[in-house]
Structures are given as C-alpha cells and as structure tokens.
Amino acid sequence: MKSPLTEQPYWKMLEKHAEEIKSTDLRSLFAADENRGKKMMLEAEGIYLDYAKHRITEKTLELLFELAKACGLEEKRAAMFSGEKINVTENRAVLHTALRAPVGEHIFVDGHDVVPDVHQVLGKMGEFARKIRQGEWKGHTGKPIKNIVNIGIGGSDLGPVMAYEALKYYSARNLHFRFVSNVDGSDFAEAVQDLQADETLFIISSKTFTTLETMANATTARKWTLSQLKDEKSIARHFVAVSTNEKAVTQFGIDPQNMFGFWDWVGGRYSMSSAIGLSTMLAIGPDHYHDMLKGFHAMDTHFKNAPLNKNIPVIMGLLGLWYNNFFDAQTQAVFPYDKYLHRFPAYLQQLTMESNGKHVTLDGKPTDYQTGPVYWGEPGTNGQHSFYQLIHQGTKLIPVDFIGFRESLNHLPPHQDYLIANMIAQGEALAFGKTADEVKAEGVAAPLVPHKVFEGNRPSSTFFLDKVSPENLGKLVAMYEHCVFVQGAVWDINPFDQMGVELGKVLAQNIIPELQDHGKALKHDSSTNALISFYRGTH
C-alpha cells in the first residue's frame with residue numbers, strides 16, 4: 001500500500017526527474033550556465049548561502065517547492081508559530097520560537113500570552129548571572145563562586161556545552177565551566193577533580209527532576225559537596241535548578257527561589273534558548289545572551305515570513321530531502337570551519353535524529369519512504385586528514401554543509417586565509433573532481449591514474465557569516481531547527497516527540513536490581529541473561 005506522500009503527483013514527478021538528473025554532472029550544469037553560481041545563492045539575515053554545487057536544476061527546485069506546498073508546509077509553519085498543538089502525540093504546542101520573542105510580541109497558548117512569562121524568567125536569570133559574575137553571590141563559607149558545573153543530559157547538556165564552546169571567546173575567564181551528563185561515574189569524577197566545593201555552583205537541569213542520569217549525578221554532587229562543607233544548609237548556596245518540579249527541587253535542598261522554570265511547550269532538544277541556557281548566560285553575560293536570542297528571533301522571522309524560494313531553512317530542508325529520498329543518501333555531513341564550533345555537529349545529531357528519526361506518520365501509519373538521515377561532522381580542517389577521503393573517492397553519496405566565517409576572532413595571519421581556502425577548495429573538489437585525462441596531463445604513470453581520479457559530482461552547500469558571535473550562533477541553531485521542521489512537515493511525521501528513547505530506559509530499570517542482587521532470578525532472553533551473569537561474575 002502506497003502512502004499519500006509517495007502517491008503525491010509532485011513526488012512521482014520528482015522520482016522521474018531524479019532519474020534524469022542522475023545522468024547529469026555538475027561540470028555540465030555549470031558549463032551550461034555561467035551565472036549558475038550567482039543564481040543559486042541566497043543572502044538573508046547576514047547569512048550567505050551558496051547552493052549551486054547541488055545536483056539540481058531550476059526544475060528540481062520548482063518541483064520541491066510544489067511538493068512542500070502540497071504537503072501543507074506553509075499551513076503547518078503558521079500553526080507552529082501561532083501556538084497550535086502540533087505535537088499531536090503529546091497534545092502540546094511547539095513554541096521554542098516564543099523563547100526568543102521580544103517584549104511586546106504576543107503568543108498565546110490556551111488563551112494565555114506566554115511572552116511575559118518568558119521575559120520574567122529571563123529577568124530572573126539575568127539578575128542571578130549578574131550576582132555570580134560580579135562575585136556578589138557567596139558560597140556557604142563566604143567565598144564567591146569560581147566554578148560552575150552544569151548537570152543535565154540530552155538537550156539539557158548538548159545545547160549548553162555547544163554554546164559554551166562556541167562562545168568561549170566571549171566568556172568570563174575568571175569563571176570555570178564544566179559539564180556532566182553521562183551516568184558513567186568517571187564523567188562526574190573528572191569534572192570535579194580539581195575543584196573546591198566552597199567555590200563551586202552546580203546547575204541541575206532536569207524538567208521533571210527525575211531523569212535517571214541527571215539525578216544520579218546530582219545526588220553524587222550533593223554528597224561531594226557535603227563531604228567537604230559538612231552542613232546541609234550549604235546545598236542552598238551551591239545548587240540551583242532548571243526545572244518545573246518545585247516539590248522535588250525543594251526536597252533536594254535547593255531554595256525554590258533559585259529554581260528557573262520553563263514549559264511543556266519547550267522540547268528538550270529545542271531548549272537551549274530557555275532557562276536551560278543558564279550556564280550560557282553565566283558564561284557570556286546577559287547582554288551577549290540577549291544578542292544570541294536576537295539572532296534566534298531574526299532567523300525565526302525569516303523562516304516565518306520569507307517565501308519558500310527565498311527561505312534558507314526551506315531550501316536546506318528540501319535539498320536534504322532530495323538526496324535522502326531520491327538518491328538514497330543515508331547521511332548528512334556538517335563541517336564548520338571554525339574551532340569554536342567543534343561541538344556543533346554533536347548538537348545537531350540530537351536536534352535532527354531525535355526529531356526526525358520516526359517510522360510512522362502523524363496518524364500512526366508506517367512510512368514507505370526514508371525519513372531522517374544520520375547527521376555527523378567535525379570541524380575543518382581536521383576532517384580533511386580523516387574522513388574526507390571517503391567523501392571524495394568512496395562509494396557513498398554524502399551531501400555536505402560547509403560553514404565558514406569571513407573573520408577570525410583571533411587575528412593570527414595567515415591562518416584564516418588558509419582555513420577558508422581549504423573550505424572553498426573542498427566544495428570545488430567535491431563538485432568537479434578530476435578526470436582521468438586531467439590526471440594523465442599531469443604526467444601521472446598509467447597504473448596510478450585510476451587511483452588519482454576524483455569522480456566529482458558530490459553535492460555541498462556553503463554558508464558564510466561574518467564571524468562567530470552570539471547573534472550568529474542563534475541564527476545557525478534556529479536555521480537547523482527550522483530545516484528539521486521543513487523535512488518533518490513533508491514526511492508527515494512528528495519532529496517534537498522522542499518516544500524511541502524510552503524503551504531502553506524502562507528496561508534498564510528492570511536490570512539495575514538484577515545487577516545489584518546476585519541472587520535475583522533472570523527472566524530475559526538467553527543473550528541478555530548471559531550478559532547480566534557475566535557482569536555479576538556468576539556465569
């Protein structure tokens with residue numbers, strides 16, 4: 001039984017068109033139109049996007065835009081921004097965009113304007129950040145805070161870690177930041193190895209304050225603090241919470257006045273611009289934090305208002321869908337050419353794969369088409385000496401996003417020229433390659449010619465911004481958030497739940513007591529029983 005999507009006329013037209021395109025290479029497309037590089041580019045909100053090096057024609061784009069319209073992208077986009085409960089499996093609105101809405105805007109959920117609530121929390125975060133950064137907040141022994149440890153997992157960790165690393169240039173260097181997420185005890189042990197409790201603040205980031213990994217680490221942090229400070233009252237001066245569970249926060253020993261809240265219409269992987277970003281604000285200060293929100297909002301506004309054919313996230317999302325569904329590409333690579341963004345691909349892994357890694361449509365029917373690709377990447381130029389070999393000469397088609405900046409934050413000539421020259425050259429090499437005749441013309445011996453041929457015809461997008469800044473980071477994150485939305489809208493899936501993460505966690509709760517009680521009978525499959533027995537030393 002074909003799904004409504006694959007029976008869609010524009011889908012069928014794209015299938016036919018893809019077969020035609022597969023026999024066309026980028027060399028011939030550029031040769032046929034000397035202005036292709038100027039036509040297939042878009043400049044908006046301080047981002048220059050070159051998408052000329054894709055295996056597409058004007059017809060490809062027209063068909064993709066028509067498919068998006070036929071799948072209701074524009075209506076679904078409007079529904080999200082207006083606060084409709086588009087997360088249908090959890091009956092929730094999806095309003096991460098409200099987290100960066102400026103004062104004076106009005107966004108309603110169930111008749112309630114949430115924008116004042118957002119700014120109340122931002123104001124509370126700002127005042128707390130000011131006290132920490134100026135040394136006014138004193139620990140239990142009267143010392144100011146020097147060390148901040150964020151404890152969370154998933155969106156409560158990946159966003160804060162990525163933002164801290166990306167904006168480290170703007171951070172207060174008298175404060176030291178650590179991030180703990182893994183339930184592996186080594187993660188916590190190494191994070192506090194050289195810290196003193198009377199100078200350390202823990203941020204416990206958990207919406208429910210029940211997440212296993214986060215609460216295990218929080219409990220260990222509490223024990224660690226008390227082992228040095230010996231007083232239960234010290235917890236209130238060295239712990240704050242980002243949560244909605246005031247009762248559990250209070251029971252832990254945290255003053256509820258030092259609890260920073262958010263809402264059920266904020267998904268974890270979309271939460272870095274919520275109170276989950278408290279560690280980011282402590283690091284870069286409220287002014288830079290609001291610059292980041294300004295960047296988020298600028299991209300939100302662009303995505304909301306720009307026509308599809310002039311819309312950066314729309315073009316990104318549809319190009320990704322083109323390769324995923326019509327070229328059988330399995331992955332999408334993201335290569336930022338700036339060291340500060342070295343955690344950006346890891347952040348995108350959760351954003352994209354937890355969102356669009358779904359196998360059923362909104363009405364619960366199995367898809368008969370591929371959904372979310374695997375996202376991965378590393379910063380340039382390191383990757384060039386690692387996995388670029390496979391992208392250039394391997395057998396897999398891997399679309400690439402290059403992200404570059406015209407200016408380095410650390411002016412060390414000629415490093416930036418070397419860096420950007422490599423980025424631009426990689427896109428050129430992927431697109432056009434090197435033919436056997438070109439290799440022979442270089443005087444290469446005949447037996448080596450096949451080894452030095454580059455097929456080319458490998459697609460990439462290149463994004464240019466002026467420099468790494470809080471505002472530009474906000475734009476980049478929002479750009480990928482909305483790219484995810486575009487693809488989810490066409491695939492008719494829900495990018496805003498994550499039920500696939502639950503089963504393993506539930507089963508782990510059954511196994512924990514079996515690991516701790518060696519006399520407990522095992523009733524799993526033979527493989528699982530054997531693994532538990534091996535761990536217990538009873539095999």
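Strand 7 is mostly covered, with six of its six residues buried; buried here means under 20% relative accessible area, exposed means over 50%, and partly exposed lies in between, with a 1.4 Å probe and protein chains only. The model is a predicted one, in which local features need pLDDT of at least 70 and side-chain atom pairs count only at pLDDT 80 or more, while totals for chains, interfaces and linings use all residues. Residues are numbered from 1 along each chain as its sequence is written, and side-chain values use heavy atoms, with hydrogens and water left out.

Helices (H or I, at least four residues) and strands (E, at least two) are DSSP runs numbered from the N terminus, and two strands pair if DSSP finds at least two bridges between them. Strand 5 (residues 147–151) runs parallel to strand 7 and is joined to it by five bridges. Strand 8 (residues 239–242) also runs parallel to strand 7, with four bridges joining the two. Phe 202 is a handy landmark here: Val 149 stands opposite Phe 202, and the bridge partner of Phe 202 in strand 8 is Phe 239.

**Aromatic rings and charges**

How many aromatic pairs are there? The count comes to 30, where rings of Phe, Tyr and Trp (its six-membered ring) pair if their centres lie within 6.5 Å, and planes under 30 degrees apart count as stacked, over 60 as edge-to-face and the rest as tilted. Phe 188 and Phe 202 are a stacked pair, because their ring centres are 6.3 Å apart and their planes are at 20°. Since Phe 188 lies in helix 8 (residues 185–191) and Phe 202 in strand 7 (residues 200–205), the pair ties together parts that are 14 residues apart in sequence. Phe 188 counts as buried at 5% relative accessibility, and Phe 202 counts as buried at 0%.

Elsewhere, ring pairs link Trp 11, Trp 322, Tyr 323, Phe 326, Phe 327 and Tyr 369 into a cluster. Phe 327 also has a charge over its ring: the charged end of Lys 22 sits 5.4 Å from the ring centre. The rule for this is that NZ of Lys or CZ of Arg is within 6 Å of the ring centre and within 35 degrees of the ring normal. Arg 36 lies over the face of Phe 30, at 5.3 Å from the ring centre.

| Partner strand | Sense and bridges with strand 13 | Facing residues |
|---|---|---|
| Strand 12 (residues 400–405) | parallel, six bridges | Asp 401 and Ser 461 |

The buried residues of helix 5 are Leu 73, Arg 77, Ala 79, Met 80 and Phe 81. They pack against helix 4 (58–70), helix 12 (278–305), helix 13 (312–326) and helix 19 (470–491), with contact meaning heavy atoms within 4.5 Å. Gly 83, whose phi is positive, near 90°, follows helix 5.

His 96 is found in the loop between helix 5 (73–81) and strand 3 (108–109). Is His 96 buried or exposed? His 96 is buried, with a relative accessible area of 2%. Not counting residues up to four places away in sequence, His 96 touches Met 80, Trp 265, Tyr 270, Ser 273, Glu 481 and Phe 496.

A search of the whole structure finds zero disulfides, a disulfide being a pair of cysteine sulfur atoms within 2.5 Å. For Cys 71, the nearest cysteine sulfur is that of Cys 483, 15 Å away. Cys 71 is buried at 16% relative accessible area, and Cys 483 is buried at 2%.
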